[in-house]
Amino acid sequence: MPDDVSALHLVLSGDAALFAIVRLSLYVSLSAVLLAAMIGIPFGAFLALTRFPGRQGVIVGLNALMGLPPVVVGLAVYLALSRSGPLGSFGLLFTPRAMIIAQTILVAPIIAALARQTIEDLWIEYRDELTAMNIGPLGRVATLVWDARFSLVTALLAGFGRAAAEVGAIIIVGGNIEGFTRTMTTAIALETSKGDLPLAVGLGMVLIAIVIAVNALAWTARRAGERWAG
Amino acid sequence: MKMLTRRLLMAVTATLVFGGSASAQEKSILVASTTSTQDSGLFGHILPMFKARTGIDVKVVAQGTGQALDTARRGDADVVFVHARAAEEKFLAGGFGVKRYPVMYNDFILVGPKGDPAGIKGSKDITAALVAIKAKGADFISRGDKSGTHQAELNLWKLAGIDIARDKGPWYKEIGQGMGAALNTASAANAYVLADRGTWLSFKNRGELMIAVEGDKRLFNQYGVMLVNPEKHPSVKKDFGQQFIDWLVSEGQRAIADYKVNGEQLFYPNAGDSGA
């Protein structure tokens, strides 16, 4: 039992190693969400505003990609980044950057699909107005994205939730290296495999608290923004 | 807000593009090793000593022996530190490694439930125990992941005269996971499982499990270390990697012997035994 007590104590006292793990988890997942937003929002807006043959198929495909299995993405990124793979010369495997790449691939379809839906709904509402004002395609995208910005926060949070919760992809491409690529989820997997269930549960509670904190922060920012925007 | 977003964007892009050059200059090597060396806490004990001595940071990716050798074969590690001699020699024969050095040994143990349905508790004969488990159809958890422990287990079935691929029944469950996960499963299912002593000693979720069979010479578990061949993979950091190997088989031997969990020594250094 003394081991269990010290394990819980470690979690509660917030030691340096735990802090580093939390920081890396946030760094990887937030970077992935940011990159995925840079890809997903423009792509979602493009899909919302244009009509082309096969568009329905692209939308169905995009929605399906929201369910990409992390372990499959991890394996694909692993094979691509391996020294024997096509991108091997960059030496990215088993680094935090490999983890960001894998999570970006997981998160981008979620943000793109949700952004597409949000912007398309708004487009139906604004269509006549924007057409009458004779605004070009880029201006339309900018106007709609700006007007949908508060709803798009939810899309970003959905993406963040996906990134912060997954373990399958980052444990393959990151290697769960202590002090370098170990995140909250991979640490939980490791402690479970060591049979240290109290520490695993403690880490799990810390992870849930962090996800709640990020969501609360985003919610507060959104409320403040809405008030400020009137 | 815009300013902040722009700065964040720049920071992320900068890390993604330029982060590599910084890590290339830092003294570090990547070692592909097994779950048993990590889960037992050995690396946590010896790596800080090596770093203090040489300034080289050792990053360990803990996988099963089969996967660790594959990682090294692809050129994704500098050093490979595993425990399955036949597989290691095949790796060397393929030209993927430079030279194999014996480092240390511990032993495997057969762990089982206190109720002992196969009636083998206290035996020193591993093959007789396996025959009894099969005869009684007592639940048995197999790693099933091509790890060193899995390969040792398959070899023991063969020594017991049992063709496990043909004779396995519903009592034989292959879980395809690491040592800790196999112990967790055995603990939950009250089943027998072959484990390395190091992981067992530091394993915390034992439940009703206890050691059923130990002390058979055939349960010997040798660890070896190899530098990945820089001629196959020029990215291998051969100087730092060789420094780590040289330390493991000299000064590191003492550090390995000193590592204890609850007063019990987990690994026995034997770099001097050239036949190991």
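In this predicted model, the residues Val77(A), Ala98(A), Ala102(A), Ile111(A), Val173(A), Val79(B) and Val80(B) touch the most other members of the largest nonpolar core, which comprises 101 residues. A nonpolar core is here a set of buried Ala, Val, Leu, Ile, Met, Phe, Trp, Tyr and Cys residues joined through C-beta atoms within 7 Å, a residue being buried if 20 or more other C-beta atoms, placed from the backbone, lie within 10 Å of its own. The largest share of this core, 16 residues, is contributed by α5(A), where helices (H or I, at least four residues) and strands (E, at least two) are DSSP runs numbered from the N terminus. A further core of 33 residues lies apart from it and includes Leu110(B), Leu130(B), Ile133(B) and Tyr192(B). Local features need pLDDT of at least 70 and side-chain atom pairs count only at pLDDT 80 or more, whereas totals for chains, interfaces and linings use all residues. Residues are numbered from 1 along each chain as its sequence is written, and chains are lettered from A in the order in which they are written.

When residues up to four places away in sequence are not counted, Val79(B) touches Ile29(B), Val31(B), Val225(B), Leu227(B), Val228(B), Gly241(B), Phe244(B) and Ile245(B), contact requiring C-beta atoms, placed from the backbone, within 7 Å.

In chain A, helix α2 (residues 16–49) packs against helix α5 (residues 96–132) at an angle of about 35°, with the axes 5 Å apart; the axes are lines fitted to C-alpha atoms over the stretch in contact, and angles run from 0 to 180 degrees between N-to-C directions. The contact of α2(A) with α5(A) has 26 nonpolar, six polar and two charged residues, with Ala, Val, Leu, Ile, Met, Phe, Trp, Tyr, Cys and Pro counted as nonpolar, Asp, Glu, Lys and Arg as charged, and the others, Gly among them, as polar.

Between the chains, 26 residues of chain B are in contact with 22 residues of chain A. On the side of chain B, α1 (2–25), β2 (57–63) and α9 (179–189) each supply at least two residues, and the largest share, seven residues, comes from α1(B). This side divides into 10 nonpolar, 11 polar and five charged residues.

Chain B is itself assigned domain 1 (2–106 + 222–269) and domain 2 (107–219), with bounds from an automatic or database domain assignment. The C-alpha centres of these two domains lie 28 Å apart, and their contact takes 20 residues from domain 1 and 16 residues from domain 2.

Terms used:
Contact = placed C-beta atoms within 7 Å. Buried ≥ 20, exposed ≤ 12 C-beta atoms within 10 Å, placed from the backbone.
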